[in-house]
Amino acid sequence: MSDPLIQLFSEVLQVDAAELSEDSSPDNLMQWDSLAAMSLVVAIEEKFRVQLSTKEIMKMSTIGLARKTLQTKKVMI
Amino acid sequence: MTTYDPKSIWRQYLAAIKQQPDMKFDMRTAIAGSMTIEPLEPYLGAHLLSKKFKPHITVALFNQLRQICYDHHAVLGSGDFNAIALLWRLEDLFPDMLARCLDSPAAVGDLRREVKGLADAVAHLRKRFKGTLIVSTPPYPTMPGFEVLELGQASSGMMAFNIISQFWTQEIAQLERVRLFDLHGLVLNAGMKPAHDVRKWQLYRQPYTEPFCQDIGRMLGRMVAAETISPKKCVVLDLDNTLWGGIIGEDGLEGIQLGDDFPGKAYRDFQRHLLYLKSKGVLLAVASKNNPDDAYEVFDKHDAMVLSRKDIAVFEIHWDSKVESIKRAAKRLNIGLDSLVFVDDNPKEIGEVTERLPDVSCVIVPEELAYLPGLLAETEFFDFAEVTDEDRQRTEMMAADNIRQETQETMSEEEFRKSLNLKIDVFAAQKQHLARLTQLINKSNQFNLTTVRRTQDEVEALSIAKDALVLGMDIKDKYGDYGLVGVSILRKEDKACIIDTLLMSCRVLGRGAEDTFIAKLAEAAKTLDCDEMRGKYIPTNKNAMVKDLYKRFKFIYDSQTDEWIVNLSNAPQTPAHIDVELRLSDKNAGSISASMV
């Protein structure tokens, strides 16, 4: 079964899941621009039913950090 | 999945069109904003898809409004757009000046000048861009000092906003065919707090919550679609427990609920909304199982009735089925069943009509009566792009029609026709006719030979083209004025005059109007220096009534080109009893004034 967070990033960024890793970030992924960042926030909030603060959003600069932030909010991924 | 998920619908559509590089889009829309508006795209797109369009959406870069107004191709790319929508906010474009309005009345004047500059930019775009142009109202500012809680003391912020927004609305109203998108109203409707997401504003300059983005996208979609989709033409209403509470046959005039207190108020407010729809040209009809005298008594005698008998175009009050009533009403009004909305409180009646007349749109009176007054406003059935004079007078015209019908029953056909004193005016279209002509082109189904739909700009372009003629037909008789009820578009190809479009409102048929129109088309074709007229009949599932029209007027069928052809030397003549005028000379005057703009 594919990882739900990777799947979400893959869908929103329109990037094949195989090309994504915990280290993927705006620096190494062309598709992850500021508009995409906004769509990611919306998608994460909708899919995992959480509300992110601006501080948390700023921290999510890689997929791995996004996962860690979500885990502190008790999202099991 | 049964839930409506506009974002995934849009994503799938985008993926699908990637596979078809030569796809023809029929609704190319560009949106631009003083804020980030990308999140609107899927909602706008999904709404247009639900209306059967093949949309293509271009989102302009953030805050390029003025650039778009002065050179839209440079910003949006070349190619034609069907619609451009511009959304803007005061706090994005004029933040400092807006802040100064809080303590300096003079700043309001400065802000007004800036806003005027934006209106001028829109006017500039209107002249160069031919499609649908939509601009928003500025929503109430979200800025320190403008907080809604400050409104209790009629703050200077509120006063400045009122002055500016009224000024903007007036400026835009002066421009021809610029549609105002009420973003402020939409925010009010959602509520300031639920509409805004301050986190996204701070991070991405995108001020709105996801649900509110959906509200905006959907409403923009409705506005864009209203340019080409015909609104419904008639509401067929039940009476008991729909126009009033209770059952007139049992409760009596005193016993029914209708008045200023709930639940009577809900019914009364619903009637007010119906009257408003009537003022926009929607016909009202009644289909009720009742004793006619009981029902009429309410219309004639109940103090709290908002609707009077003259507001209702057709009454079907008897004990026959609603299905029969609806069919008869459609026939008497000469409109298709798909132009009808049926409102009833009885699920059985709604069920039967849904099953047996699937083209009719059915709406049930809600269990919660407080929702009744807004019942039809919530639907998209009556989204009008533009309301014409003909719309406003429709019920009165239908009333004159009923007198005509009664007269007809006592005379022979020939006597009747003569007695009408029919006056027909066929003329080359001028600017002031374009709105109505376009409306007819896009909604006439039955007497329509080719059913080619066109936007107002396309019609305008043809009306000033050298090798084409856009003709309108106006009809009057002794009972009243039908207004503009016929349209034809003629195109010259060598020595042939192609009847590109020929359509008429069904209300005027059978009096010699069609004979006259075709005779005048032939005369007009001669002025284009043609020898023959050629016309096509393109069948749809609604226009069977004109299948043999050309045959009737002695056109000869050419199976090779699938065209009907008549030589102008033996073209049909105008019937004797009709007073008719053909005015083509204005066309040149029209084209000169248009090119001087």
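# Exercises on chains A and B

**Exercise 1.** Work out how chain B meets chain A.

*Solution.* Start with the count: eight residues of chain B are in contact with six residues of chain A, where contact puts the C-beta atoms, placed from the backbone, within 7 Å. Next, find the main contributor: helix α11 (residues 198–204) of chain B supplies five residues, the largest share of the side of chain B that touches chain A. Helices here are DSSP runs (H or I, at least four residues), strands are E runs of at least two, and both are numbered from the N terminus. Last, sort that side of chain B by type: two nonpolar, two polar and four charged. Nonpolar takes in Ala, Val, Leu, Ile, Met, Phe, Trp, Tyr, Cys and Pro, charged is Asp, Glu, Lys and Arg, and the others, Gly among them, are polar.

Before going on, a word on the model. It's predicted, so local features need pLDDT of at least 70 and side-chain atom pairs 80 or more, while totals for chains, interfaces and linings use all residues. Residues are numbered from 1 along each chain as its sequence is written, with chains lettered from A and ligands numbered from 1 in the order in which they are written.

**Exercise 2.** Find out how confident the predictor is.

*Solution.* Take chain B: its mean pLDDT (confidence in each residue, from 0 to 100) is 88, and 92% of its residues reach 70 or more. Then look at residues 587–597 of chain B, where pLDDT is below 50. For the complex, the ipTM is 0.80 and the pTM 0.63.

**Exercise 3.** Trace the five-stranded open sheet in chain B.

*Solution.* Read off the order: β2-β1-β3-β4-β5, with parallel pairing; a pair needs at least two DSSP bridges. At the edges sit β2 (55–59) and β5 (178–181) of chain B, each pairing on one side only. Now zoom in: four bridges join β3 (residues 83–87) to β4 (residues 132–136) of chain B, and L86(B) stands opposite V135(B) in β4(B).

**Exercise 4.** Locate the largest nonpolar core.

*Solution.* A core joins buried Ala, Val, Leu, Ile, Met, Phe, Trp, Tyr and Cys residues through C-beta atoms within 7 Å; buried means 20 or more other C-beta atoms within 10 Å of a residue's own. This core has 59 residues, and those touching the most other members include I68(B) and L86(B). Helix α12 (residues 210–226) of chain B gives the largest share, eight residues. Apart from this core lies another, of 48 residues, including I441(B) and C530(B).

Methods. Two residues are in contact if their C-beta atoms, placed from the backbone, lie within 7 Å. A residue is buried if 20 or more other C-beta atoms lie within 10 Å of its own, exposed if 12 or fewer, and partly exposed in between; C-beta atoms are placed from the backbone.
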